[in-house]
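Me: I am new to this structure and would like to know what lies behind the words used for it. Please set each value against its definition.

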Amino acid sequence: MSQASVKTRGTQRGSVFTERFGLFAECLLTGVWIAIASLPVVTYPAAFAAGSRHLRRRTSHLEGGWREFVADFRAALRGGWIAGVAGWAAALAVWVDVQAVRAGIPGGPFVGAVGLFALIGLAVAGLRAAAVWEPGASWRELLAAAGRRTVLDPAGSFLLVGGLAVVACSAWFVAPLAVPVLGAVAAAALAVEERGRRR
């Protein structure tokens, strides 16, 4: 093998490593952006939608940075805040179920388990909807379609549950770690949706 071919192969490996590490770093940065945009509490669906769209641009080798993220966030916020309110309402309902379990109400454990699984399913459907969001899309339609994909693609849904578990564990052990990991969860949702399209 010639020296030139060895150098070429080494350069290709280096460029692949550089590109993948760059994407990983972009995911972590996007997680910070998502966390900042989620501070108003009900804006998290729009924040994930903008973050997912930013990562789609990055993987497609298109230009885009903070300004494009903010523009996408504003566009997604038009209907996304309603989805955010609905998500918090669901979380509150599950919290009430958990309190019923603790109080020893008959049937409480079953109702609590159903509520918890439903909340996890809603979170996965929300991530799937955010991953495919485009400006002008209806959140109601996105969430309905994402709900179907959540049920019909259990393997992909399980991967996203794992991503959410990583965020929860990161927050439990070292709270600041949960912030950049949000970008990795958005990237996982993109990967799951892309996998579903290719099947």
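Reply: A disulfide is a pair of cysteine sulfur atoms within 2.5 Å. Keep in mind that this is a predicted model.

Me: How many disulfides does that rule give here?

Reply: The count comes to zero disulfides. C27 is in none, and the nearest cysteine sulfur, that of C169, is 19 Å away. C169 is likewise in no disulfide, with the sulfur of C27 as the nearest cysteine sulfur, 19 Å off. The limit is 2.5 Å.

Me: Why is C27 called buried?

Reply: Buried means under 20% relative accessible area. C27 has 8% relative accessibility, so C27 counts as buried.

Me: What makes C169 partly exposed?

Reply: Partly exposed is the range between the buried limit of 20% and the exposed limit of 50%. C169 has 42% relative accessibility and therefore counts as partly exposed.

Me: What makes a set of residues a nonpolar core, and which residues have the most contacts inside the largest one?

Reply: The members must be buried residues of the listed kinds, Ala, Phe and Trp among them, joined through side-chain atoms within 4.5 Å. The largest such core has 36 residues, and F48, W133 and W139 have the most contacts inside it. Helix 1 (3-37), helix 2 (44-59), helix 3 (66-103), helix 4 (108-131), helix 5 (139-152), helix 6 (154-173) and helix 7 (178-198) each supply at least two residues of this core. Helix 7 gives the most, with eight residues.

Me: What does W139 touch beyond its neighbours within four places in sequence?

Reply: W139 is in contact with P45, A46, A49, A76, G79, G80, A83, A129, A130 and W133.

Me: Why is R128 called buried, and what makes its link to D153 a polar contact?

Reply: R128 has a relative accessible area of 1%, so R128 is buried by the limit of 20%. A polar contact needs a pair of N or O atoms within 3.5 Å. The side chains of R128 and D153 make such a contact at 3.0 Å. Not counting residues up to four places away in sequence, R128 also touches others, including A146, R149, L160 and E193.

Me: Where is S170, and why does S170 count as buried?

Reply: S170 is in helix 6. At 12% relative accessibility S170 falls under the limit of 20% and therefore counts as buried. A polar atom of the S170 side chain lies 2.8 Å from the backbone oxygen of V166. Leaving out residues up to four places away in sequence, S170 touches A175, L177, A178 and V181. S170 and V181 are eleven residues apart in sequence, and their C-alpha atoms are 8.1 Å apart.

How values were computed:
Residues are numbered from 1 along each chain as its sequence is written. This is a predicted model: local features need pLDDT of at least 70, side-chain atom pairs count only at pLDDT 80 or more; totals for chains, interfaces and linings use all residues. Side-chain values use heavy atoms; hydrogens and water are left out. Buried means under 20% relative accessible area, exposed over 50%, partly exposed in between (1.4 Å probe, protein chains only). Helices (H or I, at least four residues) and strands (E, at least two) are DSSP runs, numbered from the N terminus. Contact means heavy atoms within 4.5 Å. A polar contact is a pair of N or O atoms within 3.5 Å; within protein, one must be able to donate a hydrogen and the other to accept it, and residues adjacent in sequence count only if both atoms are side-chain atoms.
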